[in-house]
Amino acid sequence: MMGVALTGLTVLAMGTLSCSSKSGETVETEEAAAEVATEQDGDAVDTDAEAAAEVAENGTEVAEAEAASQTAETDAAAQQAEAEKAAPKEKKSAEKKDSYSTTASGLKYKVLKKGDGKGKSPKATDVVMVHYEGRLLDGTVFDSSYQRQQPTQFPLNRVIAGWTEGLQLMQEGDTYEFLIPSKLAYGERGGGPIPPNSDLIFKVELIKVGQ
């Protein structure tokens, strides 16, 4: 009887041990699964964090790019405004530089260079010494003492009316440009290379008044 009992106990004990062993394996398996799940969750969290950081970084770069673009647009607008503000002044200055004064007779003139202000102004009866260049409105040069490298001397009342009037506005050392209408030049007859009814442009440098 005791042998049976011992045998029964042994069987029972082995069964218990077997059950305990199975229970231990189950626990270990569950713990391993939990660790894997935890690691996966951790990896997922890391991935989400990295993605969030990348989105934030990209967002910062986009914001910086937009700010730089807005700054560039503002600078460009400011430069354009300054240019538009300066344009009327430059235009006015250019117009003033290129514009002529006009006498009662219709003679137009402008000062290219002023002398020292101490030179004499000629009268219509004076002899003058000048350097000059005459050209048509299309720019064709028809006469030039500069090209001959020799100034010209003549009585002021022996030349075309535009010269007689214009040179009396000058002083020695001055250089003027005259736009002489046809009626104060060669009129309908013209002359040599000058066609009839031609307005003429003369650059004149008054060197000396008197012989």
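**Strand S3.** I started with S3, residues 127–136, in this predicted model. Seven of its 10 residues come out buried, so I read the strand as largely enclosed by the rest of the structure. For this I took buried as under 20% relative accessible area.

**Partners of S3.** Next I looked up what S3 pairs with. Strand S7, residues 200–209, runs antiparallel to S3, and I found nine bridges between them. Leu-136 of this pairing sits opposite Leu-200 in S7. S5 is also antiparallel to S3, joined by four bridges. There I noted Val-127, whose bridge partner in S5 is Pro-155. With S4 I got three bridges, again in the antiparallel sense. Gly-134 has Asp-143 of S4 as its bridge partner.

**The S3–S4 turn.** How many residues lie between the strands of this hairpin? I found four, and Gly-139 in the hairpin takes a positive phi near 95°.

**Largest pocket.** Then I turned to the pockets. The largest has a volume of about 160 Å³. Strands S4 (141–144) and S5 (152–155) are the elements that give two or more residues to its lining. I listed Phe-142, Asp-143, Thr-152 and Phe-154 among the lining residues. By class I have eight nonpolar residues, one polar and one charged.

Note on methods: Residues are numbered from 1 along each chain as its sequence is written. This is a predicted model: local features need pLDDT of at least 70, side-chain atom pairs count only at pLDDT 80 or more; totals for chains, interfaces and linings use all residues. Side-chain values use heavy atoms; hydrogens and water are left out. On a 1 Å grid over the protein atoms alone, a cavity is a set of points where a 1.4 Å probe fits but cannot get out, and a pocket is an open set with protein on both sides within 12 Å along at least five of seven lines; lining residues have an atom within 4 Å of a point. Grid points are joined across faces, edges and corners, and a volume is the space filled by probe spheres set on the points. Ala, Val, Leu, Ile, Met, Phe, Trp, Tyr, Cys and Pro count as nonpolar, Asp, Glu, Lys and Arg as charged, and the others, Gly among them, as polar. Buried means under 20% relative accessible area, exposed over 50%, partly exposed in between (1.4 Å probe, protein chains only). Two strands pair if DSSP finds at least two bridges between them.
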